[in-house]
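Visitor: I have a structure to look through with you. Could we go over it together, one question at a time?

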Amino acid sequence: MEEKRKYQRTEINEPAYVSSEGSVMSCMVRNISPEGAAIDVENPAFVPAHFRLVMASDSSVYECRIIWIQQKRIGVTFAAAPH
């Protein structure tokens, strides 16, 4: 499979939270780059197409959009720089 990413992903395995419209669910960020990330969640069916990813370590927030789902892993792209 041809690699389409501009940036190399960094493996991190850090806890984070999916936040949308007042609901919060825990997740694990498996890898990250300046443009996106792969996260693992217990049930991807409960993750909306657009959400905020909040890193547990430093509370940085990323506006995300789902690109793909494979079992419990979700690939997302960042809509803007973290804040």
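Visitor: Is cysteine 64 buried or exposed?
Guide: Happy to start there, and do keep in mind that this is a predicted model. Buried means under 20% relative accessible area. Cysteine 64 has a relative accessible area of 3%, so the word for cysteine 64 is buried.

Visitor: How many disulfides are there?
Guide: A disulfide needs a pair of cysteine sulfur atoms within 2.5 Å. The cysteine sulfur closest to that of cysteine 27 belongs to cysteine 64, and because the two are 8.7 Å apart, they are too far for a bond. Seen from the other end, cysteine 64 is in no disulfide either. The count of disulfides is 0.

Visitor: And cysteine 27, is that residue buried or exposed?
Guide: The cut-off for buried is under 20% relative accessible area. Cysteine 27 has 7% relative accessibility, so cysteine 27 counts as buried.

Visitor: Which residue of strand 6 is the bridge partner of aspartate 40?
Guide: Strand 3 pairs antiparallel with strand 2 over 4 bridges, and a hairpin of 3 residues joins these two. Strand 3 also runs antiparallel to strand 6 (residues 73-78), with 5 bridges. In strand 6, the partner of aspartate 40 is arginine 73.

Note on methods:
Residues numbered from 1 in each chain as written. Predicted model: local features only at pLDDT ≥ 70, side-chain atom pairs only at ≥ 80, totals over all residues. Heavy atoms only, no water. Pairing = 2+ DSSP bridges. Buried < 20%, exposed > 50% of the residue type's maximum accessible area, 1.4 Å probe, protein only.
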